[in-house]
Structure formats: structure tokens, C-alpha cells
Amino acid sequence: MRRRVRGAVLAPAGAGLAVAAVLLLVGLLTDDGDARVAPGGRAGGISTAAGARVLEPGARRDAPALSGDDLDGMPAGLAGLRGHVVVLNVWGSWCGPCRAEAEDLARLSRETPGEEVRFLGINTRDPDRAAARSFVREHGMGFPSLHDPAGELLLRFPPELLNPGAVPSTLVIDRRGRVAVAIGGAVTDEQLRPLLARVVEEES
């Protein structure tokens with residue numbers, strides 16, 4: 001029987017097993033069938049962020065229910081975004097790497113058609129909303145962010161998909177509300193854009 005790994009067909013005999021073993025050794029294939037990519041690596045021919053985890057549809061888990069107030073006290077959450085691909089970014093105004101990625105995320109959110117993709121932030125460990133709002137203005141982040149000063153929303157995710165101690169982190173959630181891509185650490189426009197396009201192109 002043939003087996004597909006990240007879109008490639010492996011032969012059923014010893015050669016296929018040898019290739020799979022090599023993939024395991026270099027960290028490209030995880031034990032649950034998704035791809036974990038080293039810095040500068042490629043998943044299915046796509047250049048990705050360091051530490052990106054790309055999950056095939058059959059291996060995806062539902063994102064937990066997220067709702068609350070945004071930084072302006074308005075209601076926000078994932079429930080109203082079902083049917084769209086969602087970029088969920090975890091950030092804090094105190095976080096240096098968050099500053100490094102913020103303008104890339106803001107630019108990508110402006111350039112991505114809203115009927116296809118929505119952006120939502122989770123602002124964490126910022127007890128003062130004023131500092132977080134200042135960060136948003138400084139970096140031109142036009143999308144809402146849930147205010148989660150104690151990190152309670154982050155604890156709803158499986159830690160292998162979203163480590164509550166890893167800030168920033170970014171998830172791409174598919175139209176069915178499942179986590180399709182998980183990235184621990186700062187991400188650039190160049191790294192995120194092709195991964196996002198891949199999920200957008202999927203059939204719902």
C-alpha cells in the first residue's frame with residue numbers, strides 16, 4: 001500500500017521506510033503525520049517560518065471557543081468568524097519579537113481580502129489596556145485583539161499547538177474552525193503569506 005507524506009508518494013518496500021526514517025531523523029515528519037519545519041525549511045515546497053507546524057486536514061483539531069472584550073471594550077471572538085480563514089496572533093506590548101513582526105502582520109491584514117481571511121489578536125500579559133492600545137496605534141494594527149492579561153484564553157489550546165509561554169505565536173485556523181498551522185515565535189509576511197494562501201485554497 002502506498003502512503004502519502006506531505007504530498008509525496010512513498011514506495012511500499014524498504015526504500016519507502018528508509019526515506020521515512022530519514023525524515024524522522026531530520027525532524028521533518030512528526031509522529032502524528034504533520035510537518036515540522038526547521039528554520040529556513042520547506043513544507044510541501046513552501047518556505048515557512050522557523051518552528052512552523054503544518055497540519056493536514058485529517059489531523060487538525062478544533063480551535064477552542066474564544067470570546068471576550070477587545071482593547072476598546074467591544075465584544076470579539078472566533079464564533080463570528082466561522083467560514084473564514086483566521087490568522088490568530090498572540091502578542092504583548094512588552095514583547096520585543098512582537099514589535100518585530102507587528103508591521104508585517106498589519107500589512108498582511110490590509111492586503112488580504114476580508115471575505116477570505118480575518119485577523120484576530122490575543123493581547124496577553126498586558127494588565128494596562130492603554131499600553132496595548134498604544135502598541136496597536138504605533139504599528140497600525142487594524143484588526144481587533146482580545147484582552148487576555150492573565151493568559152486564560154491561551155490555556156484553552158493544546159500546548160503542542162499553542163504554548164502559553166511562547167509569545168509571539170501565530171495560528172492559522174481553517175474555515176471549519178480547525179487549527180491548520182501553528183507557529184511559535186515571530187513570523188514575517190514572507191513566511192506567513194504562502195501558508196495562509198495554502199489554507200485559503202482548500203475546499204471548505
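**Ground rules.** The model is predicted, so I take local features only at pLDDT of at least 70 and side-chain atom pairs only at pLDDT 80 or more, while totals for chains, interfaces and linings use all residues. Residues are numbered from 1 along each chain as its sequence is written, and side-chain values use heavy atoms, with hydrogens and water left out.

**Confidence.** I looked up pLDDT, the predictor's confidence in each residue from 0 to 100. The protein averages 82, and 75% of the residues score at least 70. Residues 1–33 stay under 50, and the model has 32 contacts for them beyond four places in sequence (contact means heavy atoms within 4.5 Å). Residues 36–48 are also below 50, with 32 contacts beyond near neighbours in sequence. Where pLDDT is low, the predicted coordinates should not be read in detail.

**Largest pocket.** I found 14 lining residues, with Pro64, Leu78, Ala79, Arg82 and Gly177 nearest the pocket's centre. A pocket here is an open set of points on a 1 Å grid over the protein atoms alone, where a 1.4 Å probe fits, with protein on both sides within 12 Å along at least five of seven lines; lining residues have an atom within 4 Å of a point.

**Leu78.** I placed Leu78 in the loop between β8 (75–77) and β9 (85–91); strands are DSSP runs of E, at least two residues, numbered from the N terminus. Leu78 counts as buried because its relative accessibility is 12%, the cut-off being under 20% with a 1.4 Å probe and protein chains only. Outside four places in sequence, Leu78 contacts Ala63, Pro64, Leu66, Val86, Leu120 and Ile173. Ala63 is 15 residues from Leu78 in sequence and 8.7 Å away, C-alpha to C-alpha.

Terms used
Helices (H or I, at least four residues) and strands (E, at least two) are DSSP runs, numbered from the N terminus. Buried means under 20% relative accessible area, exposed over 50%, partly exposed in between (1.4 Å probe, protein chains only).
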